[in-house]
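Student: I am new to reading strands and sheets. Could you walk me through a few of them?

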Amino acid sequence: MSVSNMPALQLREYLERLPGTTFRKLYQQPSTAFAIFRRMLPHLAKTFVMRMLFMPAPMLLADLDLWVKPDAKKQKDQALFILQALHIVHISPPSREKPQEMQLTTNFKNSMRRALTGGGTHNSFGVPSTLVVPPEIDIPFLDRYARKKWEDILHFVVSSVGFKSAGEVSGPNKSVKELLIAGRLVERRPNGSIGITQTGFTFLLQEANAQVWTLLLLWLEAMETNKMAGLEAVDMLSFLFVLASMELGRAYDTNALTEQRRNMLPSLVDFGLIHVPHHKRSMFFPTRLATTLTSSGNSLRSISEGVAAATSAAFNGTSSSGGPPGHGPLKSSTELKGSVVVETNYRLYAYTQSTLQIAVLALFSKLNMRFPDMVAGRLTRASIRQAIQFGITADQIISYLAAHAHEQMHRTAALTNKPILPPTVVDQIRLWQLENERMKTTGGFLFKDFEDQKEYLAVAQFAEEVGVLVWRNDKTGMFFASRHEQIRDLLRNRKKAE
Amino acid sequence: MDAVDVSDHYEVTTSEETPSLLSIVLDTNPRAWAALGNVLPLSKAIANILVFVNAHLAFSNSNQVAIFAAHVNRAVWLYPSPPTAKKPTDTSGDVQMQDASTSAPPGSANKFPQFAQIEAAVLASLRKLTDETTGEDLETTTTQLSGALTLALCHIHKASQQLSAAGTNLEDHTKSSAATNPMKGRILVISVSDSEPAQYIPTMNAVFAAAHSQIAIDTLSLSGDSTFLQQACFNTNGTFLAASNPQGLLTYLMFGLIADTEARQSLIPATHDKVDFRAACFCHGKVVDTGFICSICLSIFCEVPENTECLTCGTKLALGNYGAKPAVIPRKKKKKKKIVNGTPREDTGSGAGTPRP
């Protein structure tokens with residue numbers, strides 16, 4: 001489920017910080033409502049939304065309990081929590097006269113209905129260009145283009161560690177470099193060189209789709225603080241969602257865009273999200289980076305790609321015909337499935353030629369052999385310690401290995417019903433980290449001084465159910481939660497009810 | 001936090017969303033739709049179904065959909081266009097359909113491109129289907145449901161094989177497909193006509209095949225008496241809904257049938273609790289309440305077959321004392337065995353509730 005992953009969380013955090021009015025504006029666009037629905041919600045929440053979508057009247061909150069099996073209460077509460085946080089569902093405050101009711105927020109409901117039925121004149125799925133498309137621009141071309149752009153960015157981040165593996169790359173545009181520095185993915189060292197930060201490592205070890213979002217959110221934030229060119233974050237965000245719902249390989253009309261959105265295009269070209277042909281400025285092509293923005297975190301790598309036989313054929317075509325086989329969202333088909341094998345004896349094999357991936361692996365493992373199509377190495381205490389000194393965490397390493405595990409690992413795991421990575425290795429990586437890091441910090445809120453034990457128990461129970469509880473101590477009547485909005489509402493409601 | 005707990009991280013590996021393939025079998029029996037005409041015309045029903053299809057596709061971009069028509073005399077692909085192997089048999093039709101799906105310019109900026117494409121394809125192939133339906137076809141009053149079900153099953157199987165072929169090698173394919181189903185398949189039958197007893201065997205074969213490969217068959221029955229589909233849903237853990245107000249088709253679809261197999265694990269299904277378990281006999285295709293069953297191959301007959309030989313396996317059957325009045329045999333009283341060692345428990349009072357073997 002996309003929400004449990006790092007990538008979605010990041011976008012979610014950004015969205016949850018937005019005020020309700022912003023959401024109302026966002027949801028005016030069917031494409032935005034559609035994209036947020038598709039990307040941000042867990043499966044059960046999607047089912048709830050679909051069931052409520054064509055209901056004429058608000059439904060009772062108590063009725064929701066009748067829908068769900070008793071043992072799935074936790075999932076239900078979590079789904080409801082996310083739906084409320086994203087302002088998709090509105091639940092009326094409790095009162096004595098009337099039972100609590102829930103309904104979809106008006107804008108979301110209207111937009112979602114419109115997205116499904118396809119009416120209206122909102123133009124939110126992009127206006128296709130009527131001009132003749134240059135014949136050389138096809139899907140393989142766009143893939144190559146986007147891969148080149150994105151690899152340049154990643155290489156820039158990686159090479160700042162000192163693994164000068166790719167001297168031939170030209171590097172990303174200056175504005176992108178500035179953005180990376182502003183976003184503290186890399187920082188300028190006193191001697192003038194560029195060094196990677198811990199955020200940078202997190203960024204590198206993320207999956208491609210999450211990387212794109214991280215960069216875009218950085219960009220949005222930077223724009224917001226600069227207030228440059230009168231760009232409005234809400235509008236920019238909804239334009240990104242429009243891009244995500246466009247069709248790969250189709251030309252869209254630049255003139256149909258608003259002035260603001262036209263101003264965004266140069267930056268999007270720098271990121272490789274869109275392509276604008278040199279001699280035809282009035283059309284643009286979204287690349288795969290853009291059209292997969294709303295797919296769940298790892299579907300780029302996953303089997304779903306296998307479905308579209310045609311596209312994967314195109315993939316194979318490009319990777320054999322030219323261009324270095326890439327890391328990033330546009331990996332060749334073998335790499336789509338992951339390429340890293342980890343054995344219980346800490347040996348690590350990666351079937352890859354990508355200098356980028358090798359450089360990333362070298363961050364936390366000791367590579368000792370390189371063959372034409374694979375590298376072999378070991379995870380050692382020294383290599384992990386070194387990585388931890390760089391600021392990489394064990395969790396990041398583990399999730400990177402899991403995300404890039406070779407198909408064979410998935411298969412054996414599925415057959416023997418065991419986890420994908422060998423548990424000994426996972427444990428050991430964590431133990432190596434624990435050797436000098438004995439604490440893990442979690443940001444959040446401490447709740448204490450409840451009026452009585454009963455209130456404490458009820459609130460702590462609630463926090464546990466919505467999945468924000470981090471720590472509790474029944475004896476002292478305190479608990480620690482990672483979020484407070486829901487609990488605050490609960491407390492307020494309890495106060496009111498009394 | 002306080003311990004090295006690896007179990008947290010197992011989630012990382014299992015969080016992948018499995019794509020879900022929804023196959024819709026639409027009963028296009030012209031007579032039945034004509035009868036429904038003033039309540040729910042076919043065009044309106046199609047529009048509603050398309051919205052439902054869009055809703056399914058909206059869940060995830062790896063979700064897929066396939067639509068089949070169960071027509072009076074054949075089963076027809078509505079979307080996606082049929083596999084090209086079929087081409088020589090009806091070239092003209094095939095070409096027309098592919099035209100529709102590729103060239104139909106989804107010029108509108110108000111519609112998700114994929115949705116527009118499906119809509120165009122479905123409408124084009126339905127139009128083709130109605131154009132090709134001749135008067136002769138109408139003489140048969142029933143619907144070829146089993147054919148469409150089989151087609152849907154084959155499509156799901158093929159799609160999931162394609163998926164696993166992309167992921168795994170052939171060697172341990174059989175094992176891995178049992179361990180991890182690469183996709184969630186589901187068949188939704190929108191039925192408007194009665195079940196045809198003559199199709200009992202093929203339909204049930206399809207149903208058991210579906211149950212074997214863990215594909216749920218859901219049914220929305222708009223009119224007619226769909227006995228076999230009730231059994232199909234029951235056998236495959238699907239949902240059976242009988243719509244008392246067909247004009248509310250979309251509500252039935254969105255509320256009762258949007259949840260796929262994953263969501264159903266945590267939802268209480270909206271379903272009929274009454275299942276018509278009657279079977280059809282093998283000799284005349286009649287739906288029977290009581291009948292005769294071959295003790296060897298379990299074939300069902302509505303009357304004693306000729307020469308008392310099973311029509312399916314040829315076994316000579318003996319009829320026993322058929323036709324004899326059932327005699328009421330008094331139940332034998334069980335004597336309580338005396339317990340040799342220890343105290344007998346009869347006096348405790350709790351013995352009254354003990355169920356008898």
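Tutor: Gladly! Keep in mind that this is a predicted model. Let us begin with one pair of residues: A:Arg472 stands opposite A:Phe479 in E15(A).

Student: Which strand pairs with E15(A) over 4 bridges, and in what sense?

Tutor: To answer that, look for two strands joined by at least two bridges. Here the partner is strand E14 of chain A, residues 469-473, and the pairing is antiparallel.

Student: How many residues lie between E14(A) and E15(A) in their hairpin?

Tutor: There are 4 residues between the two strands, and A:Gly477 in the turn has a positive phi of about 70°.

Student: What joins strand E13 to E15(A)?

Tutor: Strand E13 of chain A, residues 445-447, runs antiparallel to E15(A), with 3 bridges joining them. One place to look is A:Phe445, whose bridge partner in E15(A) is A:Ala481.

Student: Which residues make up the covered face of strand E15?

Tutor: In this strand, residues 478-481 of chain A, the covered face holds A:Phe479 and A:Ala481, whereas A:Met478 and A:Phe480 are on the uncovered one.

Student: Now for another sheet. In what order do the strands of the open sheet with E1 come?

Tutor: The order is E1-E3-E2 in chain A, 3 strands with antiparallel pairing.

Student: Why is one side of E1 and of E2 left without a neighbour in the sheet?

Tutor: Strands E1 (59-60) and E2 (89-91) of chain A stand at the edges, and each has a single partner strand, so one side of each lacks a neighbour there. For E2(A), 3 bridges make the antiparallel pairing with strand E3, residues 101-104 of chain A. Within it, A:His90 stands opposite A:Gln103 in E3(A).

Methods:
Residues are numbered from 1 along each chain as its sequence is written. Chains are lettered from A and ligands numbered from 1 in the order in which they are written. This is a predicted model: local features need pLDDT of at least 70, side-chain atom pairs count only at pLDDT 80 or more; totals for chains, interfaces and linings use all residues. A residue is buried if 20 or more other C-beta atoms lie within 10 Å of its own, exposed if 12 or fewer, and partly exposed in between; C-beta atoms are placed from the backbone.
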